[in-house]
Amino acid sequence: MANTFSVTNSSLMKFIILSGRILFSFIFIVSAFNHFNPQTIAFSAAHGVPLAKISVPLSGVVELIGAAFILLGYRAKLGAWMLVLFLIPVTFTLHQFWKIEDPMMKQLDIAAFMKNISMLGGALVIAYFGSGPLSLDTRKITKAI
């Protein structure tokens, strides 16, 4: 008996991809606004971020624009590369768990490091595959045809 339900051939898949984009973008959009917070800037400076008063708010702008591109499906591949460029230095500068001696703080930093690595993987997938069928990019292509 043939399988009558196939998610890959279903119109449901385009909503699953859209949901994934929304959920993926959400953490970046919410956290981008913290980059303008004096405590976040001071924390980053204490962890050796150069020119923190400029680079931290600038990274928030990059994070927000990249996430918005992915959310809307407008130039999602570019938005994903922006998040990759954001995540690499942030992950390896602010979450150096290998330097922490306190076991509780080390575990928290390992969790933050792994979260960022996971998001980096998601951004690379979007950078390769793009935004999917329910996106402004796809709508542009459909109108052109």
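A: Start with the word helix: a helix is a DSSP run of H or I with at least four residues, numbered from the N terminus. This is a predicted model. Asp137 sits in such a run, helix H6, residues 136–144.

Q: What makes Asp137 count as buried or exposed?
A: Buried means under 20% relative accessible area. Asp137 has 18%, so Asp137 is buried.

Q: Which residues does Asp137 touch, leaving out those up to four places away in sequence?
A: Contact means heavy atoms within 4.5 Å. By that test Asp137 touches Gly73, Tyr74, Arg75, Ala76 and Ser131. Arg75 is 62 residues from Asp137 in sequence, and their C-alpha atoms are 6.5 Å apart.

Q: What is the phi of Leu51, and where is Leu51 found?
A: Leu51 is not a glycine, yet its phi is positive, about 45°. Leu51 lies in the loop between helix H2 (38–46) and helix H3 (52–72).

Q: Why does Leu51 count as exposed?
A: Exposed means over 50%. Leu51 has 65% relative accessibility, so Leu51 counts as exposed.

Q: How do H2 and H3 cross?
A: Their axes come within 9 Å and cross at roughly 115°. H2 passes H3 in a right-handed crossing.

Q: Which residues in H2 and H3 meet?
A: From H2 come Thr40, Ile41, Ser44 and Ala45. From H3 come Ala52, Lys53, Val56 and Pro57. By class, that contact has five nonpolar, two polar and one charged residues.

Q: How do you know what span is expected of H3?
A: The expected span is 1.5 Å times one less than the number of residues. H3 has 21 residues, and 30 Å is expected. H3 reaches 29 Å from its first C-alpha to its last, close to that value. Just after H3, Gly73 takes a positive phi of about 70°.

Q: Which residues of H3 are buried, and what covers them?
A: The buried residues are Ala52, Val56, Pro57, Ser59, Gly60, Glu63, Gly66, Ala67, Phe69 and Ile70. Their cover includes H1, H2, H4 and H5.

Q: What span does H5 reach?
A: H5 has 27 residues and reaches 39 Å from its first C-alpha to its last. That is close to the 39 Å expected at 1.5 Å a residue. Just after H5, Gly130 has a positive phi of about 85°.

Q: Which residues in H5 are buried, and what do they pack against?
A: The buried residues are Asp109, Ala112, Phe113, Asn116, Met119, Leu120, Ala123, Ile126 and Ala127. They pack against helix H1 (12–32), H3 and H4.

Q: How many aromatic pairs does the structure hold?
A: The structure holds seven aromatic pairs.

Q: Why is the pair of Phe97 and Trp98 called edge-to-face?
A: Ring centres must lie within 6.5 Å, and planes over 60 degrees apart count as edge-to-face. The rings of Phe97 and Trp98 have centres 5.0 Å apart and planes at 75°, so the pair is edge-to-face.

Q: What makes Trp98 and Phe113 an edge-to-face pair?
A: The two are 5.9 Å apart, centre to centre, with 90° between the planes.

Q: Why does the pair of Trp98 and Phe113 tie together parts apart in sequence?
A: Trp98 lies in the loop between H4 and helix H5 (103–129), and Phe113 lies in H5, so the pair ties together parts that are 15 residues apart. Trp98 is partly exposed at 44% relative accessible area. Phe113 is buried at 10%.

Q: Which residues form one aromatic cluster?
A: Phe92, Phe97, Trp98 and Phe113 form one aromatic cluster.

Technical notes: Residues are numbered from 1 along each chain as its sequence is written. This is a predicted model: local features need pLDDT of at least 70, side-chain atom pairs count only at pLDDT 80 or more; totals for chains, interfaces and linings use all residues. Side-chain values use heavy atoms; hydrogens and water are left out. Helices (H or I, at least four residues) and strands (E, at least two) are DSSP runs, numbered from the N terminus. Buried means under 20% relative accessible area, exposed over 50%, partly exposed in between (1.4 Å probe, protein chains only). Axes are lines fitted to C-alpha atoms, for helices over the stretch in contact, and angles run from 0 to 180 degrees between N-to-C directions. A crossing is left-handed if the near helix is turned anticlockwise from the far one by less than a right angle, and right-handed if clockwise. Ala, Val, Leu, Ile, Met, Phe, Trp, Tyr, Cys and Pro count as nonpolar, Asp, Glu, Lys and Arg as charged, and the others, Gly among them, as polar. Rings of Phe, Tyr and Trp (its six-membered ring) pair if their centres lie within 6.5 Å; planes under 30 degrees apart count as stacked, over 60 as edge-to-face and the rest as tilted.
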